[in-house]
Amino acid sequence: MSLKLTAILSIITAIATIGDLHAQDTDTAYKVKSIVIDAGHGGKDPGALGKISQEKDLTLALALKLGHYIDSLLPGIKVIYTRDTDKFLSLKERAEFTNANNPNIFISIHINSHKSSKVSGFTTYVSGESRNEESIAIQTKENGDEEIKIEDVISAKVTHPCSHEYSILLAQKIQTAFKASKWFKTRGAKDLGCKYANFAVLWRAAMPAVLVECGYISNRSEEEYLNSKIGQVNIASAIFRGVKSYIREVESRGSKPVITTPATAPQQSASTTTQTNETAQKPGGKITSQQNNETKTPQTAKKSSDDDKVYFRVQIKSNPQKIPLTSKEFKGLKNIDELYLDGAYKYTIGKTQNYDEIVKKQSEIRKTIKDAFVIATKGNVRLKDINKAKEEISKQ
């Protein structure tokens, strides 16, 4: 992908201002009425460069094909493009455009790039933090001069918990459809899974939002396929089938994802999250305790007591699916609890009702993982307000 993606960052500024998006009565069945499709880059911003093409041209071709399928096969849904020609849009222009259209779903189309021509594969990203070196490198290239604090990303997920969960569902659906596509079955394309990334284009989205990496322009075979008519048809139709499956599921639930108060503006950088190369799976929601060690021997997670008391914990990691206990991302830390909250697995250390004690634990852990932070939980629910958690503990 391109070294700069600043041209699409302001779209999220607009998205985040839509606090009353699609206001409907709670007893009205939820319907997806509009989708914004964002073709990455454009105009003076070519995006990633291949041997025979530029990212901006491939993303536009895929975006238009995806929009055509939605227009033709999903009547009643309005397709809105951030651009439908080769033009550059400023941050302000994209923000104002999106703000005026109030979409139900946001999909950003991109083509990846890597210094190695052997790297290939298809990935769908949702907003989230990570310590994976490759994801951090991609985030740095994509966000350009935009800097985001880890607190901002956390705030966005807390403020829009349902949208975050639905973003994960949308990503799952797209990756599942990709694995069923002709590209995957006949050409040996790689499923790189659903991943977290702290892309500025996603982090403040007040509605389900994903960024789809449709292969690597730096891989000659993949670039040729991306430039072929059949390749573009297969890739765009796979994304379409994922979107269609997502729409059917959320509409069948009979109520819309909750839209709440937008997060504050980003300030300085945070990292992005990569999970293992499998499509994320939604678990049963139990809290388990994992004892990590430095050996390569797999361990079985043991259940912890799921009572209704409020506890403070230090969160060190979040991911759409389980992380192996031997993962280097834990950096040798032990006594890790695994929780499923807000549509993702949370990995925490410590469990106490003493706030001063957990703050001390946080300071210790930050020597190893700098962006560790305190959360409050009650059973399998995360409490958004630490002060209210303190008040509830004082009454127990």
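1. E249 is partly exposed, with a relative accessibility of 26% (buried is under 20% relative accessible area, exposed over 50%, partly exposed in between, with a 1.4 Å probe and protein chains only). The model is predicted, so local features need pLDDT of at least 70 and side-chain atom pairs count only at pLDDT 80 or more, whereas totals for chains, interfaces and linings use all residues. Residues are numbered from 1 along each chain as its sequence is written, and side-chain values use heavy atoms, with hydrogens and water left out.

2. The side chain of E249 forms a salt bridge with that of K173, at 2.8 Å from N to O (a side-chain nitrogen of Lys or Arg within 4 Å of a carboxyl oxygen of Asp or Glu). E249 belongs to helix 10 and K173 to helix 6 (residues 161–179), so the pair ties together parts 76 residues apart in sequence. Helices (H or I, at least four residues) and strands (E, at least two) are DSSP runs numbered from the N terminus.

3. In the whole structure, 8 salt bridges are found. One of them joins the side chains of D337 and R313 (3.2 Å, N to O). D337 is in strand 10 (residues 336–341) and R313 in strand 9 (residues 310–319), so this pair ties together parts 24 residues apart in sequence. Both D337 and R313 are buried.

4. K378 forms a salt bridge with E392, their closest N and O atoms being 2.6 Å apart. K378 lies in strand 12 (residues 373–378) and E392 in helix 12 (residues 386–395), 14 residues apart. K378 is partly exposed at 31% relative accessible area, and E392 is partly exposed at 26%.

5. An open sheet of mixed pairing is formed by 6 strands in the order 2-1-3-6-4-5 (two strands pair if DSSP finds at least two bridges between them). Its edge strands, each pairing on one side only, are strand 2 (78–81) and strand 5 (191–197). Strand 1 (residues 34–39) runs parallel to strand 2 and is joined to it by 4 bridges; V36 has I80 in strand 2 as its bridge partner.
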